[in-house]
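Trainee: I've got the model open and I'd like to go through the labels with you. Can we take them one at a time?

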Amino acid sequence: MSDDQPLQHVVLIGFMGTGKSTVSKRLAEHLGCAACDVDAEIVKREREEIASIFASRGEEAFRAAETAALDAVLGAQDKLVIATGGGAVLSSVNRELMLRKGYVVALTAHPERVIARVSQDPDRPLLQGGVRERVYKLLEDRKHAYDFAHLTIDTTDLTVDEIVNRIAEAAA
Ligand code: S3P
């Protein structure tokens, strides 16, 4: 990590269903700071649910709201563990913001684990029309989208505590 400008926040990136929200809360407890979820921030700022934003204004409007929310949370003075939406990495502006203000950790998981997790909560606009097919297609489209992270952790065979410990050690 840089000496002159310490990286302040821990930013979790990764495909839907890789455990970003769960890990962010547990990691924040471990580090003694607050956890923040960019999707939740979007809902708060826009006063509209994610699925509704996609349906009423389209993905482009959602992505603009996502960049604004990400920029706002990254501007917080206090250290945060920030869970981002799976597509936040698609924008180069977002990637630069994350790298400038945070230690970026990518969580990955076996596709079948992702499918099992998102099937429990399938209310994601990009998964409408067949979770399995959509997950495999998006994973292929986003094959290298998470490669810019400082650290990548395959969560498939790890407990939440093991993931948290690995991140805490690396981000120290
Ligand atoms: C998206 C992932 C979702 C949410 C939106 C779009 C994506 O967040 O931001 O539905 O493009 O992968 P999660 O990764 O938290 O499910």
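Trainee: What makes R47 exposed or buried?

Mentor: Before that, some ground rules. The model is predicted, so local features need pLDDT of at least 70 and side-chain atom pairs count only at pLDDT 80 or more, while totals for chains, interfaces and linings use all residues. Residues are numbered from 1 along each chain as its sequence is written. Now, a residue is buried if 20 or more other C-beta atoms lie within 10 Å of its own, exposed if 12 or fewer, and partly exposed in between, with C-beta atoms placed from the backbone. R47 has 7 other C-beta atoms within 10 Å, so R47 is exposed.

Trainee: What is the phi of R47?

Mentor: Phi is near 55 degrees, a positive value in a residue other than glycine. Most residues other than glycine have a negative phi. R47 lies in the loop between α2 (38-46) and α3 (50-74); helices here are DSSP runs of H or I, at least four residues, and strands are runs of E, at least two, numbered from the N terminus.

Trainee: Which residues surround the ligand?

Mentor: M16, D39, I50, G85, G86, G87, R124, P125 and L126. To be near, a residue needs its C-beta atom, placed from the backbone, within 6 Å of the molecule.

Trainee: How do you know that the span of helix α7 agrees with what it should be?

Mentor: The expected span is 1.5 Å times one less than the number of residues. For the twelve residues of α7 (residues 160-171) that should be 16 Å, and the end C-alpha atoms are 16 Å apart, so the two agree.

Trainee: Which residues of α7 are buried?

Mentor: I163, V164 and I167. They cover an arc of only 95 degrees around the axis, which puts them on the same side of α7; the arc is that of the directions from the helix axis to the C-beta atoms. The face turned away from that buried side carries the exposed residues D161, E162 and E169.
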